[in-house]
Every structure is written in structure tokens, then in C-alpha cells.
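Student: I have a new structure open and would like to learn how to read it. Could you walk me through some features, one by one?

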Amino acid sequence: MTAHEELVVRRGRRSGITTMVAIHSTALGPAVGGCRFKPYRTLEEAVGDVLRLSEAMTAKCAVAGLAFGGGKSVIAPEPGHVLSPGERRAALLDHADLIAEFGGRYQAGPDVGTGPADMLVLREASPYAFCTPESAGGTGSSSGPTALGVLAALRAATGSAAMAGRRVVISGYGSVGAHLAASLRAAGAGVVVSDIDPAKRAVAEKQGLAWAEPEKALTLTADVVIPAAVGGVLDPGTVARLDTPLVVGPANNQLTDDTVADALAARGIRWIPDYVASAGGILYTLSREAEGLGHEAALARVETIEQTVAGLLEAAEANATTPLQEAAALAERRLTSGAGPRTPSPRALRTGA
């Protein structure tokens with residue numbers, strides 16, 4: 001894909017905290033992507049993250065057929081410093097000031113470390129934020145639709161909606177992971193979950209879920225492994241130890257680099273590109289807040305991920321490639337031709353309605 005269009009890094013005037021916005025592409029429309037609130041060891045690490053994530057958002061929107069481009073933003077407090085509520089609010093307002101300067105070219109949503117309430121704070125200084133609380137007229141958390149999209153991708157990858165008797169390992173028991181665990185257990189799957197927060201073990205076990213230590217979860221014997229936490233979890237060493245025929249999940253940037261997709265294919269492991277499987281949240285949110293669709297119609301849009309994944313798998317088999325290569329080729333075709341967008345001009349997001 002093309003190089004990034006713009007990166008702005010700034011120290012907030014209220015908080016003194018580093019904040020940044022990366023726009024990868026506006027070829028299909030305004031750039032959208034989550035606001036990540038996370039401490040990083042170095043500024044270079046934060047910049048690398050925002051650049052990788054914004055490029056992935058371009059591919060996500062293009063493959064999903066949305067009339068939006070890719071962007072991402074980061075608020076990076078100092079490691080080890082616990083922010084007071086006032087400091088957190090100041091950092092969010094500083095970030096909103098930066099977002100406002102782009103005049104709608106970048107529009108933010110929740111990501112790691114932020115949620116609907118934070119989007120409401122951003123709206124105080126910028127209209128370019130979505131997923132505000134439902135009580136404030138937004139669509140709230142996108143975790144449910146994101147999980148629904150992963151389940152749609154899973155159906156395409158397995159060729160069936162039947163999960164009874166299958167063993168599924170979910171690495172990351174956050175909001176999306178919890179939605180997936182509940183749905184898969186209700187469908188009859190044996191579900192094992194894991195999280196870096198040990199306090200979540202009691203919650204998981206109360207729900208009838210098995211628990212695994214985080215360092216072991218990805219390499220457990222399973223019918224499906226679902227990365228649902230941080231990125232960069234699939235490297236050559238991990239791939240060599242995987243004991244599953246299928247990896248599909250919502251975590252962003254799961255591969256340490258694209259060659260890992262080839263290593264997975266060489267071992268006969270089917271990997272569904274993360275930016276395809278995780279598109280349910282953005283599809284639902286933009287269908288509601290930009291296009292004005294109702295809840296059921298927006299959920300139906302999320303379900304189209306099943307057809308998208310099925311098409312990528314068919315193309316990969318026919319062309320002797322990988323699903324990642326086919327997804328990248330589809331994104332590139334849409335970016336260069338403008339073909340495929342379904343969502344109209346984001347009037348509602350532009351006005352903050």
C-alpha cells in the first residue's frame with residue numbers, strides 16, 4: 001500500500017502528555033480508527049504502533065467496502081504514572097484539540113484504553129468522535145458487533161455454524177473475548193480463556209469456562225485459536241508450536257510480519273486476516289452513525305463478513321496464495337479504483353450528530 005499521508009505528534013497543552021494522530025489513507029473517504037490510551041516504553045514504540053494500526057485500518061475499511069480510509073490515534077502517558085481523573089480528562093481534551101485540527105479527515109472511536117465515555121469527552125472539543133454512549137445518542141460499545149463479525153468469519157472458515165464438541169481457546173478475556181466466549185459456549189463449544197489479568201479467572205470460571213495461563217494459551221491443542229488481546233502474538237516461534245488447524249480473532253496486527261502468514265500456511269494452519277475478521281465493530285458503527293441504518297440492518301451488514309471471508313478463502317485456494325495475500329490484493333484494487341464502497345458520505349459523523 002501507499003505511504004502514510006500524515007503523522008502529527010504533540011505534547012498536550014493541558015496535560016503535558018504526548019498525543020498523536022496518523023492518517024494512512026483518505027483515498028476512499030475520511031480516515032477512521034480508534035483512539036488508543038496506552039503507556040509506551042519509548043516515543044518510537046508509540047509512533048510505530050500508530051503507523052501500523054492506521055495502515056491496517058485502511059485495509060480493514062477497503063476490504064469491508066466502506067467509503068472511509070484508515071487512521072489511528074494514540075494518547076501515550078508516561079509508563080508507571082497512574083493518572084488522576086482530572087489528568088485523564090485533560091489528556092483526552094488535548095487529544096480532541098488535535099483531532100479537531102484535521103477538520104474531519106480523521107475521526108476517532110474507542111480502542112485499547114478508551115470507551116464510549118471517553119468519546120463523549122472528545123466530543124466536547126471536537127465533533128469527530130463516534131461510539132459515544134447510547135444515552136448520549138451514540139451506538140455505545142462496539143464489542144458486541146466486533147464479536148459477531150468474528151463469529152461470521154469463523155463460520156466461513158469452518159464451513160459450518162455448528163460448534164458443539166469443538167475446543168476453542170480465546171487468548172484475551174476482555175469485552176470482545178467475553179462476548180465470544182459466551183456465544184461459543186452457548187453453541188456447545190468447549191471454551192478455554194486466558195488473560196494477563198489474573199482477576200478475570202474467577203469471572204471466567206463462574207461462567208463455566210476453563211482457564212489457561214496466558215503464556216500457554218496460544219499453543220494449546222484446539223480446533224480454533226482466537227487471539228483477542230494485543231497484537232504481535234504470532235511469530236515464527238509461536239507458529240512452530242501451534243496445535244490447531246485454524247486461527248481467527250479480533251486482535252489487531254497479530255502477525256509480527258507478513259511472512260508469518262506463509263509460515264502458517266506451510267504448516268497447514270488457516271489464518272483469517274485480523275483486519276477482515278475484526279471489521280464487525282466498524283461496519284456496525286458506521287452503518288448506524290454515518291449511514292443512519294437501524295440496529296438490525298447494521299447487524300446484517302456485519303454478517304456479510306462471512307461472505308467476504310469465504311471469497312478470500314476460495315481465491316486463495318484457486319490462486320495457491322494465502323488469505324492475507326488475497327485480502328491485500330482486494331484492498332489494493334478498491335483503493336486504486338475506488339470500487340466497492342457501500343457507505344455514503346459521512347454527514348452524521350462530520351456534524352457530530
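This is a predicted model: local features need pLDDT of at least 70, side-chain atom pairs count only at pLDDT 80 or more; totals for chains, interfaces and linings use all residues.

Student: Which residues of helix 12 are buried?

Tutor: Helix 12 spans residues 295-303, and Ala298, Leu299, Arg301 and Val302 are buried there. Viewed down the axis of helix 12, these buried residues fall within an arc of 150°, so they line one face of the helix.

Student: Why do residues three or four places apart point the same way in a helix?

Tutor: Here is the general idea. An α-helix has 3.6 residues a turn, so residues three or four places apart point the same way. Now try helix 9, residues 259-266, where the buried residues are Val260, Ala261 and Leu264. They cover an arc of only 105° around the axis, which puts them on the same side of helix 9.

Student: Which residues are exposed on the other side of helix 9?

Tutor: Thr259 and Ala266 are exposed on that other side. As for the buried residues of helix 9, what covers them includes helix 8 (236-241), strand 11 (270-271) and helix 14 (323-337).

Student: And which glycine follows helix 9?

Tutor: Glycine 268 does, and its phi is positive, near 75°.

Student: You named helix 4 earlier. How can I read the surroundings of a single residue in it?

Tutor: Check how accessible the residue is, then look for partners from elsewhere in the chain. Take alanine 156, which sits in helix 4 (residues 143-158). With 14% relative accessibility, alanine 156 counts as buried, because the cut-off for buried is under 20%. Setting aside residues up to four places away in sequence, alanine 156 touches Glu306, Val309, Ala310 and Leu313.

Student: How far apart are the C-alpha atoms of alanine 156 and glutamate 306?

Tutor: They are separated by 5.2 Å, although the two residues are 150 residues apart along the chain.

Student: Next, salt bridges. What is the idea behind them?

Tutor: Side chains of opposite charge can pair when their charged atoms come close. In this structure the count comes to 19 salt bridges.

Student: Which residue forms a salt bridge with aspartate 97?

Tutor: Arginine 13 does, and the closest N and O atoms of the pair are 3.6 Å apart. This pair links distant parts of the chain, 84 residues apart: aspartate 97 is in helix 2, while arginine 13 is in the loop between strand 1 (6-11) and strand 2 (18-25). Aspartate 97 is partly exposed, at 23% relative accessible area, and arginine 13 is exposed, at 67%.

Student: Where does arginine 88 lie, and where does aspartate 118 lie?

Tutor: First the contact itself: the side chains of arginine 88 and aspartate 118 meet in a salt bridge, 2.9 Å from N to O. Arginine 88 lies in helix 2 and aspartate 118 in helix 3 (residues 116-125), so the pair ties together parts that are 30 residues apart in sequence. Arginine 88 is partly exposed, with 26% relative accessible area, whereas aspartate 118 counts as buried at 11%.

Student: What is the N to O distance for glutamate 45 and arginine 41?

Tutor: Their side chains meet in a salt bridge at 3.0 Å. Glutamate 45 is partly exposed, with a relative accessible area of 28%, and arginine 41 is exposed, with 73%.

Student: Which residues are linked in a network of salt bridges?

Tutor: Look for Arg36, Asp49, Arg52, Lys72 and Asp111, which are joined in such a network.

Student: Last topic: how should I read a pocket?

Tutor: Ask about its volume, then about what lines it. The second largest pocket has a volume of about 300 Å³. Its lining has 18 residues, with Ile17, Thr18, Ala76, Pro77 and Glu78 nearest the centre. Helix 1 (43-64) and helix 2 (85-101) each supply at least two residues of that lining.

Student: How many residues of the lining are nonpolar, polar and charged?

Tutor: The lining of the second largest pocket divides into nine nonpolar, five polar and four charged residues.

Student: Is threonine 18 buried or exposed?

Tutor: Threonine 18, found in strand 2, is buried, with a relative accessible area of 14%. Leaving out residues up to four places away in sequence, threonine 18 touches Val9, Arg10, Arg11, Leu43, Val74, Ile75 and Ala76.

Terms used:
Residues are numbered from 1 along each chain as its sequence is written. Side-chain values use heavy atoms; hydrogens and water are left out. Buried means under 20% relative accessible area, exposed over 50%, partly exposed in between (1.4 Å probe, protein chains only). Helices (H or I, at least four residues) and strands (E, at least two) are DSSP runs, numbered from the N terminus. The arc is that of the directions from the helix axis to the C-beta atoms. Contact means heavy atoms within 4.5 Å. On a 1 Å grid over the protein atoms alone, a cavity is a set of points where a 1.4 Å probe fits but cannot get out, and a pocket is an open set with protein on both sides within 12 Å along at least five of seven lines; lining residues have an atom within 4 Å of a point. Grid points are joined across faces, edges and corners, and a volume is the space filled by probe spheres set on the points. Ala, Val, Leu, Ile, Met, Phe, Trp, Tyr, Cys and Pro count as nonpolar, Asp, Glu, Lys and Arg as charged, and the others, Gly among them, as polar. A salt bridge is a side-chain nitrogen of Lys or Arg within 4 Å of a carboxyl oxygen of Asp or Glu.
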